[in-house]
Amino acid sequence: MANAAPSTPDTLPAWQALLRHAETQKQTPLKTLFERDVDGERFATFSRRVAGLTLDLSKQRWSGETLEQLLSLAREAGVPEAIEGLLSGRRVNKSEDRPALHTALRLPEGAELNVDGEDVAAAVHESLAQMEKLVERLHAGQWRGATGKPIQRVVNLGVGGSDLGPQMVTHALADFRPDDIHRLKVHFASTMDGSQLVDYLSRLDPETTLFVLSSKSFTTVDTLSNANTARDWLLSRLTRQGATPISPELVVRQHFIGVSACPEKMTQWGITPDHQLRFWEWVGGRYSLWGTIGLPIALVIGMANFRRLLAGAHAMDEHFSSAPLADNAPVMLALAGIWNVNFLDIRAHSILPYDGRLEYFSAYLEQLEMESNGKSVTRDGEPAGYSTCPVLWGQLGPNAQHAFYQLLHQGTQSVVCDFIAPLTRYDDVDDADTRRLLQSQHRLTLANCFAQSRLLMLGDDAIDDDAPRPAHKRYRGNQPSTTVLLDRLTPETLGSLIALYEHKVFVQAVIWDINPFDQWGVELGKQIAGQTQQILEGDATPEGMDASTRGLMEAFWTVGQKG
C-alpha cells in the first residue's frame with residue numbers, strides 16, 4: 001500500500017473553511033465593516049495592549065468570524081505547542097538540528113533554561129558580564145591602542161544580522177547615550193566593496209580606532225574582506241610609529257575585538273582570547289542583537305540601557321508564552337498577515353515608521369521576515385503549494401508620503417501597511433518654548449500617521465465632500481493596515497517591538513509549515529560567487545558560462561581592468 005501524501009497547511013479543515021469564507025469577505029469593503037460597527041466596538045475587538053505597545057488591527061479587512069476561523073487554523077497548525085517548544089529549547093530548527101534560543105539571550109539574571117544538560121541562561125549571563133567589562137573599559141577611556149592613546153572610535157564590521165540589528169537599535173536609542181561616558185563614537189561597515197570602510201579609513205586616526213569583527217561562522221567573506229583591509233591599514237600605519245617598532249601582534253591585540261561562535265578561528269586570525277566574545281550556534285544572525293552581537297549597542301547606550309532593551313523583549317516573550325491565542329499580540333499580528341497573503345492574495349507589505357529614530361527599522365524587518373520566511377518547501381522538504389512571506393519594503397512614513405504613497409493610494413495592486421509611531425515625544429526637553437514647538441511637530445507627525453491609515457481604508461469617503469472628482473483624483477481605499485503605537489520610544493518598548501515582530505514571524509512559519517531559522521537560499525550564491533571570482537582573477541576559465549555572464553566578464557576585462 002502506498003504511503004499517504006504528507007498533509008500540508010492548505011489541506012487543514014480550517015484552511016479550507018477560510019477559503020470559502022474569504023470569497024464572501026472579499027466582497028465587504030473596510031468602509032462597510034466600520035459602518036456596521038454601530039456600537040464602536042471594532043477598535044476594542046481588534047486591538048491589544050502589551051509591554052508598552054498598542055496594536056491596532058481594526059483596519060484589517062476581517063470580521064469577528066474571520067478571526068475565529070484564523071484562530072482555529074492556528075490551533076490546527078499546532079501554534080500553542082510550537083510556542084512552548086520554541087521557548088523551552090526544543091530543536092525547532094529542523095534542517096540544522098538545533099534549537100533557536102534567541103529568547104534565552106534576554107532571560108533575566110537568575111533564570112534557568114536547561115538544554116541538552118547545559119544551563120544556557122547562565123552561559124548567556126557569563127558572556128554579558130564579559131561584554132560589560134569590555135564596554136566599561138572603552139567608556140572609561142581605559143582601552144588604549146598600540147601606541148598608548150585611548151580608543152575613541154569603534155567600527156563594527158559585520159553584515160546581515162551582525163550589522164542591521166545593532167545599527168537599527170543604536171540609531172533608534174541614540175537619545176539614551178549616558179552623559180558620563182568617555183566620548184566614544186561607533187560606526188558600521190558592511191558592504192563587501194569596501195566603499196563604507198574606505199570612507200572611515202580616510203578620516204579616522206589608526207592610533208585611536210578599534211574594530212569589532214562580528215561573524216557567527218567567522219567565514220563570511222564580506223566581513224573578513226573588510227577586516228583584512230582594516231588590519232592591513234592598521235599595520236601599515238602603526239608598526240612604524242616612533243623610534244621603536246610596534247609588533248603586528250600588539251596592533252591586532254589592541255585594535256580588534258571578535259564576536260563569533262568559532263573561537264578557534266578568531267584566535268587563528270589573530271584576536272586574543274580575552275578580546276573574544278561568545279556567540280552560539282543556536283542563535284540565528286538576524287536574531288542575535290540581544291547577545292554579544294549587540295556590543296555596538298551597549299557601547300552607544302551603556303549596559304544599563306542594554307539590559308532595559310533585553311527586559312522589554314523578555315516582557316513580550318512572557319506575554320507570547322502565557323497569553324491565550326485570542327489575546328496574544330504576536331499571534332494576532334501573524335494571523336492578520338496569513339489572512340492577507342493566503343486568503344486576500346495581498347503579497348506586498350510596507351513598513352512605515354513615523355519617527356526618524358526608527359529610520360532603519362524597515363530594513364531590519366526586511367531581513368527578519370524575508371530571510372526567515374522566504375521559503376518554498378515545508379519542514380519535510382515538500383513543495384509549498386501556497387504563498388509564504390510577502391515582499392517587505394518601506395522607509396520613514398513622512399518621507400514615503402512624498403515618494404511611493406502614490407502607489408499605495410492609486411496603484412493597481414493592494415499593499416498592506418504597518419504604521420509605527422510613539423505616542424509621547426519631546427516631553428523631556430527642558431526649555432518650555434522649544435518643547436512646545438517640538439511637541440507641535442510631533443502632533444503633526446501623528447496626524448499624518450493616523451490620516452494616512454484612514455485614507456487608505458476609506459479612500460474618497462474619508463472626506464465629507466460630495467463634490468464630483470475626475471478619475472485621476474479618486475482614491476479607491478479598502479487598503480488594509482496595522483498601527484503599532486509605542487507609549488514612548490525607550491529601550492524597553494523598542495525591545496518589545498522587535499520581539500513582537502520576531503514572534504509574529506515564528507507563528508506564520510508554523511502555520512506555513514516552514515523553518516524560519518535557516519537560510520539555505522543564500523548559500524549557493526556564495527558558492528557561485530567564489531567560482532566566478534576565480535574566473536575574473538584568471539585562476540579559472542569561463543568555459544561553460546552562459547552568454548550573458550561571459551559578456552559581463554568581457555566587459556570587466558575590457559574596461560574594468562584598465563584601472
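Is Cys449 buried or exposed? Cys449 is buried, since its relative accessible area is 0%, and buried means a value under 20%. The structure discussed here is a predicted model.

## Cysteines

The structure contains zero disulfides. A disulfide is a covalent bond between the sulfur atoms of two cysteines. For Cys389, the closest cysteine sulfur belongs to Cys417 and lies 15 Å away, which is too far for a bond. Cys449 likewise takes part in no disulfide; its nearest cysteine sulfur is that of Cys417, at 11 Å. The cut-off applied to a pair of cysteine sulfur atoms is 2.5 Å.

## Annotated active site

An unreviewed UniProt entry lists Glu371, His402 and Lys526 under "active site". These residues are spread over 156 residues of sequence, and they are spread in space as well, with up to 36.9 Å between C-alpha atoms. From this set, Glu371 and Lys526 belong to the lining of the largest pocket.

The surroundings of two of the annotated residues can be described further. His402 is located in the loop that connects α15 (397–400) and α16 (405–410). Its relative accessible area is 72%, so His402 is classed as exposed, the threshold being over 50%. Lys526 belongs to helix α19, which covers residues 523–536. With a relative accessibility of 48%, Lys526 counts as partly exposed, because that class lies between the 20% and 50% limits.

## The six-stranded sheet

Six strands make up an open sheet with mixed pairing. Their order is β1-β2-β13-β12-β10-β11. At the edges are β1 (47–50) and β11 (391–394), each of which pairs on one side only. From one strand to the next, the twist averages 20°.

Strands of a sheet pair through backbone hydrogen bonds, either parallel or antiparallel. The pairing of β10 (residues 348–353) with β11 is in the parallel sense and extends over four bridges. Within these strands, Ala348 stands opposite Val391 of β11.

## A helix across the sheet

Key
Residues are numbered from 1 along each chain as its sequence is written. This is a predicted model: local features need pLDDT of at least 70, side-chain atom pairs count only at pLDDT 80 or more; totals for chains, interfaces and linings use all residues. Side-chain values use heavy atoms; hydrogens and water are left out. UniProt positions are given in the numbering used here, feature names are shortened, and annotations may be inferred rather than shown by experiment. On a 1 Å grid over the protein atoms alone, a cavity is a set of points where a 1.4 Å probe fits but cannot get out, and a pocket is an open set with protein on both sides within 12 Å along at least five of seven lines; lining residues have an atom within 4 Å of a point. Helices (H or I, at least four residues) and strands (E, at least two) are DSSP runs, numbered from the N terminus. Buried means under 20% relative accessible area, exposed over 50%, partly exposed in between (1.4 Å probe, protein chains only). Two strands pair if DSSP finds at least two bridges between them. Axes are lines fitted to C-alpha atoms, for helices over the stretch in contact, and angles run from 0 to 180 degrees between N-to-C directions.
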